Amino acid sequence: PAPVEPAPAPKPTPAPAPAPAPVEPPATTIEVPGDAVIPGTETTVNEAVENVQQQVENLQLTDAEKAQAVADARTQAETAARNAGLTDEQVKQAGDAAEAAAKTVFGIE
């Protein structure tokens with residue numbers, strides 16, 4: 001089976017915009033409530049973020065694996081945004097938000 005770690009990272013994509021993070025936010029943000037249910041799931045944004053953070057704590061990832069997970073999160077968020085019919089700017093925002101969230105989760109500056 002495919003590893004679980006990279007897959008959950010994109011699901012909290014919209015969460016980082018409203019969540020306080022030490023990472024510099026993108027110029028524009030997407031405001032999504034933490035209690036919003038992720039389309040196609042029964043999971044809220046906050047639950048997805050918590051699930052990913054718990055998984056990260058249980059993993060001993062190398063810096064290269066963390067960097068790949070950040071890249072995967074961005075790619076998957078942008079793909080999901082495109083599939084949802086969002087504009088190019090919104091796709092970029094989703095990618096920025098996912099990347100920022102993943103960096104926060106992994107403690108990457």
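Visitor: What does arginine 74 touch, leaving out residues up to four places away in sequence?

Guide: Arginine 74 touches Lys92, Gly95, Asp96, Ala98 and Glu99, a contact being heavy atoms within 4.5 Å. This is a predicted model, where local features need pLDDT of at least 70, side-chain atom pairs count only at pLDDT 80 or more, and totals for chains, interfaces and linings use all residues. Residues are numbered from 1 along each chain as its sequence is written, and side-chain values use heavy atoms, with hydrogens and water left out.

Visitor: Is arginine 74 buried or exposed?

Guide: Arginine 74 counts as buried because its relative accessibility is 19%; buried means under 20% relative accessible area, exposed over 50%, and partly exposed in between (1.4 Å probe, protein chains only).

Visitor: Which backbone oxygen does its side chain reach?

Guide: The side chain of arginine 74 reaches that of glycine 95, at 3.2 Å.

Visitor: Turning to H1, which of its residues are buried?

Guide: They are Val45, Ala48, Val52 and Val56. Seen down the axis of H1, the buried residues fall within an arc of 70°, so they line one face of the helix; the arc is that of the directions from the helix axis to the C-beta atoms.

Visitor: What do they pack against?

Guide: The buried residues of H1 pack against helix H3 (88-106). The face turned away from the buried side carries the exposed residues Glu50, Glu57 and Asn58.

Visitor: And how many helices and strands are there in the chain?

Guide: The chain has 3 helices and 0 strands, taken as DSSP runs numbered from the N terminus (helices H or I, at least four residues; strands E, at least two).

How values were computed:
Polar contact = N/O pair within 3.5 Å; in protein donor to acceptor, adjacent residues only side chain to side chain.
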